[in-house]
Amino acid sequence: MSGLLARLARTRAVVRGAILVERLWPLVLPLVVVASLFLSLAWFGVFRFLPDWARLGLLALLAIAALASLWPLRLFRMPVASEVDRRIERANLLEHAPVSVQSDRLAGSGDGDAFASALWREHQKRMAERLSRLHGDLPQTSVPERDPWGLRAVAALLFVTALAYSTGPYGGRIADAFQPPARTDVAPARIDAWVTPPPYTGRAPIYLTADANRERRDFAVPQSSTVAVRVSGGSGEEALSFIDAGGAERAIEPEGGADPAGGALRFSETLTGAGTVSLSDGGREVERWQFSVVPDTPPEIRFTEEPRRAVNGALELAYEIEDDYGAVGAEALFARPEPNPDAQPLYEAPEMPLSLPRRGNRDGMAAKTSRDLREHPWAGLPVDLTLSARDAAEQTGESETRTFVLPQRPFTNPLAQALIEQRRILALDKNQQPRVLALMDAVLMWPEETFDEPSHFLLISAARSRLGAADRDETLRAVVDELWEIALIIEDGDLTAAERRLRQAQEALRQALEDGASDEEIERLMDELRTAMQEFLREFAERAMQNQDFAEGQEGQTMSQSDLERMLDQIEDLAKSGARDQAQDLLSQLENMMNNLQAGRPQQGQGGGQQSEMRQQMDRLGEIMRRQQELMNETFRLDQQQRGQQGQQGQQGQQGQQGQGGQGQGMSPEELTEALRGLQEGQGALRGDLQSLMEGLEGLGIQPGEGFGEAGEAMEGAEGALGEGQGERAVGEQGRALEALRRGAQDMMSQMQQAMRGQQGEGQQGGRQDRAGRDPLGRPRATTGPDFGDSVDVPDEIDTQRAREILEAIRRRLGDALSPELEREYLERLLDIQ
């Protein structure tokens, strides 16, 4: 019985604790939530960053909430024994109150009633037997009913997170709520502002906050320039706005939001019109910049010469392109003047991209482009030509329209002429297919009388079969292309294949230079060009050996293999070093050379006698200029020798052999004087030769220019200076004479060319008369006159090496990860060579 009472006592204690929790927890929970919020705010460091008034206000609010949470505690009461017993009986599903029976007393009977006492004890005993397995139950609070959304879990989660955060280096402390934050001095804000023009303008950025621009407030910038402002270490309340010319103000939002990482604000705005950019801090204006926008005008393109046929039959266009910052593209637009509305052409208008004027070109905006369009079906037909140019802002400009006949390839073989004619008819209108078939059948009807070569009959028969089976535009275009190839084979044989391959290689290289291809691609295309050049020259030589008249027509128009290889090497070096424009110019020279070679044919009635005399005069002039150059070099060397001896009087210098051209080393003063006297005589003889040349030119009807007169005066001055032993003055006069000779030679060449054109008549095409006295490249021959400086200025080895070193230095700097962003953008623009 004693053990039963002990278990009952323990059960009552457990149940009493459960009841206490049920009654006390709902009343204490508000206070716990307020305390957890306080600790969470403190551990997160909120009190550390709040100003004093906000910190104290938050503490007061929490204190009021804590006091308010204590008010429900007045309703708390302790559980009594009867409540505990009833909770046990209810938890164990006991009937007839067996737990309370154990502590109850018999009422209404004295101690003398033994039967009632025995009956009561028996009743307690029987009830006690039901208490052998008593247990309590868990507390059941009313919190879930009061907080059905479980918001109390938010406070708990926040508390745990703040506790973990407080252990880190940025965690706060409870004491932060009761002490003011440490005072820190605010550093003045750093303001950086700059304007970046569009990359295609080539203009450098303008730093508005630089010392040179501190007092300046008005700036003229290109259209679509970007103004950027960066504020570091400020209050965070800085704002940027744009005020247009009408006075309307518009706020410019900072990049990355108003509170970016790193504590710096950056603003950016594209200027499309004039206005003012204002930077303010808390309503107070800090900086102001006023901008006027320079509009980007559309490009202008115009013809400088009439479209004409080049020496090899290609279409040659001369034009000028003018734009604010340079055009980025140009093309020739072709159209038929009176197209047949019922026709169904197989080909569109020919495409002809135009070369752009090279920056720094001494001809300014002038440019030339030639392209062989003779293979196009429109060749030989009247066309309307309009030039179109485009700038980087996608603005376009067009020239006036010129109407002319598109150059075509002349065919002398009647069979080739017939094929080309039917090819053109089919290409212009596919509905003419039956007619072309009928004409081809007529050509094939009598092969013995029509064809000289059996292979030609087989080629045309195969083309006729394919044309008869063609039912789509693609197959019809294939037949048209095949007819062109057959006509070329009939007309010229196999040489045209080499010409075509060379032209394709040149065009591929030109396109790669315009598109900014990689060095590996340039190297591959150069190998293809070298191979095509060798094949062309080999077949060209074979043709010259077979045709004596053709070989005579090419006399004096050959270049050595080493010259060609040197030109190809220069093109490759210029392209790899970044001088793409100069590489394109040199490639154009190479094409002109090939055009002159292909166009070289003997001509009748060219006045060979007078031209021979003119060529002799040009040879004499070239010899005079060569001798004048040698005299100047020798005078300079002797003058240096004379100066060296004057600076070393009384000293014995030991000098070794200096090789060829070093005779002046070790000369005595008497020998130097004698050498200068010899140069004086040579200068006088050269002046006499110049006078004789001028008389010979007058006999040919060519008036010597002022340059020859100035050259004679300079030669006379040099002669006198040499006689007086004044080498330095003599060198100056000789240089002036050489420059005057070049001017006079250029004037003489112009007069000779005009005379030759007059002899050749107006009916000839191709401009072959302009090649008189020039090599296939179009430059003056070494034996027929000097170079007047009108060829492309190709950089020498030193310039090329310097360009490579500069490019390597830029690439190394660009690869530096520590380079500022503005510097990297500038270096990228330097590498983007146009």
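The axis of a helix is a line fitted to its C-alpha atoms over the stretch in contact, and angles between axes run from 0 to 180 degrees between N-to-C directions. The structure described here is a predicted model. In this model, the axes of helix 10 (residues 433–443) and helix 12 (residues 454–469) come within 10 Å and cross at roughly 155°. Because angles over 145 degrees count as roughly antiparallel, helix 10 is roughly antiparallel to helix 12. The crossing in which helix 10 passes helix 12 is left-handed. On the side of helix 10, the contact involves Gln433, Val436, Leu437, Met440 and Asp441, which meet Ile460, Ala463, Arg464, Leu467 and Gly468 in helix 12. By class, the residues of this contact comprise 6 nonpolar, 2 polar and 2 charged.

Helix 20 contributes Leu676, Leu679, Gln680, Gln683, Gly684, Leu686, Arg687, Leu690, Met694 and Leu697 to the contact. These residues meet Phe708, Ala711, Gly712, Met715, Glu716, Ala718, Glu719, Leu722 and Gly723 in helix 21. The contact of helix 20 with helix 21 divides into 11 nonpolar, 5 polar and 3 charged residues.

Turning to the strands, an open sheet is built from 5 strands in the order 3-9-8-5-6, with mixed pairing. Strand 3 (218–222) and strand 6 (249–252) are its edge strands, each pairing on one side only. From one strand to the next, the twist averages 30°. Strands of a sheet pair through backbone hydrogen bonds, in either a parallel or an antiparallel sense. The pairing of strand 3 with strand 9 (residues 284–294) is parallel and extends over 5 bridges. Within it, Pro222 stands opposite Val294 in strand 9.

An antiparallel pairing is seen between strand 16 (residues 382–391) and strand 18, which are joined by 4 bridges. Here Leu385 is placed opposite Arg402 in strand 18. In a regular strand the side chains alternate between the two faces of the sheet.

Most residues other than glycine have a negative phi. Ser224, in the loop between strand 3 and strand 4 (225–232), has a positive phi near 70° although it is not a glycine. With a relative accessibility of 36%, Ser224 counts as partly exposed. Glu394, likewise not a glycine, has a positive phi of about 60° and is located in the loop between strand 16 and strand 17 (396–398). Its relative accessibility is 59%, so Glu394 counts as exposed.

For the protein as a whole, the secondary structure comes to 24 helices and 18 strands. Of the 834 residues, 40% are buried. Among contacts with a separation of 6 or more, 72% are between residues 24 or more positions apart.

How values were computed:
Residues numbered from 1 in each chain as written. Predicted model: local features only at pLDDT ≥ 70, side-chain atom pairs only at ≥ 80, totals over all residues. Heavy atoms only, no water. Helix = DSSP H or I, 4+ residues; strand = E, 2+ residues; numbered from the N terminus. Parallel < 35°, antiparallel > 145°, perpendicular 65-115°, else oblique. Left-handed = near helix turned anticlockwise from the far one by under 90°. Contact = heavy atoms within 4.5 Å. Nonpolar A, V, L, I, M, F, W, Y, C, P; charged D, E, K, R; others polar. Pairing = 2+ DSSP bridges. Buried < 20%, exposed > 50% of the residue type's maximum accessible area, 1.4 Å probe, protein only.
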